[in-house]
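Q: I would like to go through some local geometry in this model. Could we begin with ring contacts?
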Amino acid sequence: MTGRLLHSVCTAALATATAVAAVPAAAEPAPTPAPAPPTTVSGMLTALQTLYRQAEEAGETYKATGEELRRQRARTARLARELAGARKAVVAARADAGRLAREQYRGRSELSSYLGLLLSRNPKQALDQHHLIERAAAHQLATMAGLKEGARRAAGLAAASREALDKELTLAAKQKKARDDATAQLRDVEKMLASLSADEIAEVAALERTNAAKAQEKLLASGVLGGRRTPTSQGRRALKYAVEQIGKPYVWGAEGPQSYDCSGLTSQAWARAGREIPRTSQEQWAQLPKVSLRALRPGDLVIYYPKATHVAIYLGEGKVVQAPRPGTKVKVSPIAANPLIGAVRPDPDGSPLSTYTPPRLPRGATAGQDDGYSAAGAPDTSAR
């Protein structure tokens with residue numbers, strides 16, 4: 001390259017670089033500002049309830065995914081056992097095929113014997129022993145068919161096993177994300193509470209009680225819960241168990257016997273009554289027969305919130321036994337303490353008892369908040 005040409009190239013490059021530098025860099029999008037903290041008591045209560053609903057939704061996803069993961073792990077283990085058996089069968093079939101091939105090569109098989117007879121000077125003897133070739137051919141065909149089928153089955157099981165393991169890993173990741181989401185929401189609740197003064201917290205709690213009392217009064221005034229109602233024998237046993245758990249702490253994801261979450265309490269109560277029901281409130285709402293509040297009887301399950309993220313067991317007289325939320329204990333609450341969406345019946349085939357005496361409630365059964373906003377008992381992010 002000549003000096004003049006080099007000078008021209010360098011000049012052009014310098015001009016291009018200068019022009020590029022002169023173009024202002026695209027401004028990075030400004031981060032979305034965080035929503036302003038609520039300034040009214042009503043806004044504070046709504047914010048707290050929203051955060052907790054999000055946490056409970058994530059919690060229900062965690063529990064439901066855990067049940068699905070448990071079933072998937074059992075399926076993966078079953079496929080692994082079947083695959084090991086199929087591979088063992090293929091090895092045995094290959095050994096049989098190899099043995100037949102070696103015997104054929106050495107002229108020791110029944111088919112070889114028959115061919116020897118056929119080529120001998122006495123073919124009539126071979127014809128009289130035609131069963132030899134039939135048996136030999138059938139055995140060889142069966143051996144080869146078995147080898148082929150065994151290999152096909154082993155290949156299918158290997159593919160199914162890989163797919164099952166992939167699904168198991170996906171479910172495990174989904175469960176971890178749900179646990180982390182729930183933990184994050186509960187931590188946000190804690191942060192918000194920490195930002196409130198003692199007076200503000202008292203005002204929020206008072207507003208919450210007022211709202212719950214109004215909802216309860218309205219529901220009872222409608223008359224939908226009126227009249228005499230008795231449980232079935234299984235419902236009575238489920239209620240007895242639930243009442244015996246009063247005072248035990250709510251712990252995220254717990255199924256007893258020392259602590260419970262909302263659906264852990266209801267599922268265990270009915271398990272003790274001799275009837276297995278789904279583990280989560282969302283599954284209970286989706287899978288159990290629905291019943292109107294006018295037909296509600298003690299032992300039925302009352303489901304709350306639009307996404308069915310909370311559940312309690314109906315005690316009667318407009319009250320439920322529930323594990324409210326982290327920071328609270330199993331207690332008796334007004335049925336309308338939370339916004340209900342309906343009820344389900346674990347024993348639709350049961351007949352109500354002709355006489356019924358409700359279980360005796362322990363001292364302090366109704367004490368404490370029906371809604372708790374503490375991160376105590378949140379899922380442990382260090383687990384798994």
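Q: Which ring does the charged end of lysine 290 sit over?
A: In this predicted model, the charged end of lysine 290 sits over the ring of tryptophan 285, 4.3 Å from its centre. A charge counts as over a ring if NZ of Lys or CZ of Arg is within 6 Å of the ring centre and within 35 degrees of the ring normal.

Q: On what basis are such values given?
A: Residues are numbered from 1 along each chain as its sequence is written, and side-chain values use heavy atoms, leaving out hydrogens and water. As the model is predicted, local features need pLDDT of at least 70 and side-chain atom pairs count only at pLDDT 80 or more, while totals for chains, interfaces and linings use all residues.

Q: Changing topic, at what angle do the axes of α7 and α8 cross?
A: The axes of helix α7 (residues 233-244) and helix α8 (residues 262-272) cross at roughly 130° and come within 8 Å. Axes are lines fitted to C-alpha atoms, for helices over the stretch in contact, with angles from 0 to 180 degrees between N-to-C directions. Helices (H or I, at least four residues) and strands (E, at least two) are DSSP runs, numbered from the N terminus.

Q: Where is proline 257?
A: Proline 257 lies in the loop between α7 and α8. The peptide bond to proline 257 from glycine 256 is cis, with omega near 0°.

Q: And what is the phi of alanine 308?
A: Alanine 308 has a positive phi of about 55°, although it is not a glycine. Alanine 308 is placed in the loop between β2 (301-304) and β3 (310-316).
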